[in-house]
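Please look through the sequence and the model below before reading on.

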Amino acid sequence: MGFCPSIFKFLRKGKYYLLLLLSVSVLAWIATFAGETVKSIQDAPVSAQTLSDRQSLRGELNPGRSVTELLNSPTPKAGCPQESPLLEGVLKLSFEPSLTLKDVESENGAVAEGQYQPPDCIARQSVAILIPHRNREKHLLYLLHHLHPFLQRQQLHYGIYVIQQAGDATFNRAKLLNVGYLEALKDHNWECFIFHDVDLVPENDYNLYMCDKQPKHLVVGRNATGYKLRYKGYFGGVTAMTKDQFDKVNGFSNTYWGWGGEDDDLRIRVQLQKMKIVRPPPEVARYTMVFHKRDSGNEINKDRMRLLGRTPQVWRKDGLNTCSYKTLSIEKLSLYVNVTVDIGKPRGHFFF
């Protein structure tokens, strides 16, 4: 009898040990199975379609940029409108004797090295303004004072180039404009060129400094002529031509030393190419001419009528393709690019 109770007691203890052993075995099996499952998931090959889908989604959400870059990137600009909402129409011009270059610079902080681009839209045209110059600092100051805000209200991408004739030889406006054209193209592939006298200030910003399908004459009237066209066929003062149009006529003649004739020569070249001159409405294309005496070294060209008579025969070999000059300096100032050149001297009569 004493033996049986001992057996029962041993069996009861064995049952507990067996349960404990089974529990540990189950836990070990669960841990092993879970580890193998995770490893199999990690090592499972991703199908080409799955990869493609993931990459496509990633590309749609973030085409090569981080989320931060996407959130901070500026909205793409739209093209500037056909008519700028900034235009004012007739302008009140002022020619204060106390005006300084610093004053004009402080008014045009968005201009750098003579160039400006509208901040909130893409300009419809890129325009180079070419101004032939010598000893007209005050006139240049007045023109810059009015021209910069005038062009900015038109929402243009523009650059202003002042071409200075060095030395005291007779002034040659046309050749300086050829030089300005050639030098400006070294900076940018400008679409439109405005050939601009330094003493003419536009009175109405609806007179758009943009090129047309035909060469455009912008000075229909000025205060000095009672706001009437100087004469039929007049094509001087301020004109606008595209690069293609100006190349087609071989630019200006280089042979007009002194005042007069070069703008009529350009008109003849335009007509020879079967192009027509267009003009804005007379009430818009109005200018104030800043008074001045005739410059020393810019006397009337007494040879101009003879030269005009030869234009149809010589235009192909007198112009951009024969414009020789020596660049003395190029200064990229805040309000304009100043190009100083030696263009030589008149050599008497020219025969080709």
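## The hairpin

In this predicted model, strand 10 and strand 11 form a hairpin, with 4 residues between them. Strand 10 covers residues 326–332 and strand 11 covers residues 337–342, and the two run antiparallel, joined by 6 bridges.

Elsewhere, an open sheet is built from 3 strands in the order 5-9-7, and its pairing is mixed. Its edges are strand 5 (200–202) and strand 7 (221–222), each of which pairs on one side only. Strand 5 pairs with strand 9 (residues 286–289) in the antiparallel sense, over 3 bridges, and proline 202 stands opposite tyrosine 287 in strand 9.

## Helix 8 and helix 9

Helix 8 is mostly covered, since 9 of its 11 residues are buried. The buried residues are Glu262, Asp263, Asp264, Asp265, Leu266, Arg267, Ile268, Arg269 and Val270, and the buried residues of this helix pack against helix 6 (173–187), strand 8 (238–242), helix 7 (243–248) and helix 9. After helix 8 comes lysine 274, whose phi is positive, near 60°.

In helix 9 (residues 304–314), the buried residues are Leu307, Leu308, Arg310, Thr311 and Val314, and they pack against helix 8 (262–272). As background to reading such a list, an α-helix has 3.6 residues a turn, so residues three or four places apart point the same way.

## Disulfides and a further cysteine

The structure holds 2 disulfides, and, with bonded cysteines counted along the chain, they follow the pattern 1-2, 3-4. One of them is formed by cysteine 80 and cysteine 121, whose sulfur atoms are 2.0 Å apart. This pair links distant parts of the chain, 41 residues apart, with cysteine 80 in the loop between helix 3 (67–72) and helix 4 (101–107) and cysteine 121 in the loop between strand 1 (115–116) and strand 2 (126–133). The torsion about its S-S bond is about 85°, so the disulfide is right-handed. Cysteine 80 counts as buried because its relative accessibility is 8%, and cysteine 121 counts as buried at 7%.

Cysteine 192 and cysteine 211 form a disulfide with their sulfur atoms 2.1 Å apart. Cysteine 192 lies in strand 4 (residues 192–196) and cysteine 211 in the loop between strand 5 and strand 6 (216–217), so the pair ties together parts that are 19 residues apart in sequence. Here the S-S torsion is about 80°, so this disulfide is right-handed, and both cysteine 192 and cysteine 211 are buried. Cysteine 323 is buried too, with a relative accessible area of 12%.

Key. Residues numbered from 1 in each chain as written. Predicted model: local features only at pLDDT ≥ 70, side-chain atom pairs only at ≥ 80, totals over all residues. Heavy atoms only, no water. Pairing = 2+ DSSP bridges. Buried < 20%, exposed > 50% of the residue type's maximum accessible area, 1.4 Å probe, protein only. Contact = heavy atoms within 4.5 Å. Disulfide = S-S within 2.5 Å.
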